[in-house]
Amino acid sequence: MALTLYVDTARWRAHHKHVQEQFPGLVPVCKGNGYGFGHERLAEEATRLGADVLAVGTTYEAARIKDWFGGDLLVLTPYRRGEEPVPLPDRVIRSVSSVDGVYGLVGARVVIEVMSSMKRHGISEQDLPQLHAAIENVRLEGFAIHLPLDRTDGSDAVEEVIGWMDRLRAARLPLHTMFVSHLKAEELARLQQQFPQTRFRARIGTRLWLGDHEATEYRGAVLDVTRVSKGERFGYRQQKAASDGFLVVVAGGTSHGVGLEAPKAMHGVMPRAKGVARAGLATVNRNLSPFVWGGKQRWFAEPPHMQVSILFVPADAPEPKVGEELVAHLRHTTTQFDRLVDR
C-alpha cells in the first residue's frame, strides 16, 4: 500500500498542448524533483511535445537527464569558476551571469543572464562593454532574463524586458534569441511584435506541469485503523487521546515530504491571521494533516513518521477501512510518491 500520484493523463497532456500553443518556442523546465513527477517522466513528456530544448536546474540534473532527453539541455544555475566539473555532452548549454563566467567557458554554448528586478544574479548594464571580447570565444545561444512573479510596485514586466533589449541593442550585442521567465502569453506576444528579429523563448515549469490542478491527485492508502477512547495513551510519545475516535495509519510520511512545507509569502490580513492561528495550534501539538476524510482535513495524531502518518479521526466521523485511500493535499515540488498511476 502506497502514497500514490494519480494522473488524468489525457487532461494533463491537453493542458501541456494548450500552454505550448500560447507560448510558441516554449522551453519546458524540469528541475528539483521534476515538479513531483520525476525527471524521467517529464523528459518523456517534453519529447512528446516536440521540445528541442529542456531546461534543468543543475549540471548534476543535466548528467542524469541526458540519457532520457535527446535534445539540447539548458542548465539554469549559472556557471562559476572552480565548480566541480561534471562530464556533459556538447548539447548542454550553460547559463552565465558574469563576464568572468563567459571567459571561463571558452568554446562552450552559453546563455547570458541579465540582472532583472529579481536581483538574484545576472550581468549589469556596466558589464555590457566587456562582453564584446568575452563572447568571441564562446558559442552564444542568446540572452536570458528571469522576472519576479509579483510586481507590488505596479511596474510592467514587458517594459523591464524592453529596457534590457534597448541596452543590449545599444551595446551592439547579438539579439537573435531572448529566453524569458514568468511572462503572460499576451506579454510575450507584445515583445515578439515589437522585436520581430528576436526569437523570444519562454522557460516554463510550474504553469506547464502543474497548471491544471484537477489533472492530478495524491492519495494515501489506509494501512491500519485502531479505535481509542478518551484519555487512552498512544504513539511514540504516549500522548492521551483528546476524545473517542480512531487512530488511522496512512501511507505517506516525512520521506515522502508529508509534514514538510516550503515557507509561503502572505499578503493581506486574513492569510496572516490564519498563519498565526496555525502557529499557535502547533505549540500545543495540534497540526493539521494534508489528508482528507469525510470531507474534512484531519489532524495529525502525532508528528508524521518516516513512511506513514497517524491521523486522529473523531468517533462521529465514518470509520476508515484498511485499503481505502485518503486524498492528500500535497505540494508537488516537495513530495515524493511511491507510485504514479496514469488513468
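The structure is a predicted model, in which local features need pLDDT of at least 70, side-chain atom pairs count only at pLDDT 80 or more, and totals for chains, interfaces and linings use all residues. Residues are numbered from 1 along each chain as its sequence is written, and side-chain values use heavy atoms, with hydrogens and water left out.

**Helices α1 and α2**

- Helix α1 covers residues 9-22 and helix α2 covers residues 39-48; helices here are DSSP runs of H or I with at least four residues, strands are E runs of at least two, and both are numbered from the N terminus.
- Their axes come within 11 Å and cross at roughly 60°; axes are lines fitted to C-alpha atoms, for helices over the stretch in contact, with angles from 0 to 180 degrees between N-to-C directions.
- α1 and α2 are therefore oblique to each other (angles under 35 degrees count as roughly parallel, over 145 as roughly antiparallel, 65 to 115 as roughly perpendicular and the rest as oblique).
- On the α1 side, Thr-9, Trp-12, Arg-13 and His-16 make the contact, and on the α2 side Arg-41, Leu-42, Glu-44, Glu-45 and Arg-48 do (contact means heavy atoms within 4.5 Å).
- Two of the residues in this contact of α1 with α2 are nonpolar, two are polar and five are charged (Ala, Val, Leu, Ile, Met, Phe, Trp, Tyr, Cys and Pro count as nonpolar, Asp, Glu, Lys and Arg as charged, and the others, Gly among them, as polar).

**Helices α6 and α7**

- The axes of α6 (residues 157-170) and α7 (residues 185-194) come within 10 Å and cross at roughly 30°.
- α6 and α7 are therefore roughly parallel to each other.
- Their contact joins Ala-157, Val-158, Glu-159, Val-161 and Ile-162 of α6 with Glu-187, Arg-190, Leu-191 and Gln-194 of α7.
- This contact of α6 with α7 has five nonpolar, one polar and three charged residues.

**Pocket and cavity**

- On a 1 Å grid over the protein atoms alone, a cavity is a set of points where a 1.4 Å probe fits but cannot get out, a pocket is an open set with protein on both sides within 12 Å along at least five of seven lines, and lining residues have an atom within 4 Å of a point.
- The second largest pocket has a volume of about 890 Å³; grid points are joined across faces, edges and corners, and a volume is the space filled by probe spheres set on the points.
- Its lining has 32 residues, with His-146, Leu-149, Ser-181, His-182 and Thr-206 nearest the centre.
- Strand β9 gives the most to this pocket's lining, with three residues.
- The largest cavity holds about 30 Å³ of space, and Glu-113, Ser-116, Met-118, Arg-120, His-121 and His-146 line that cavity.
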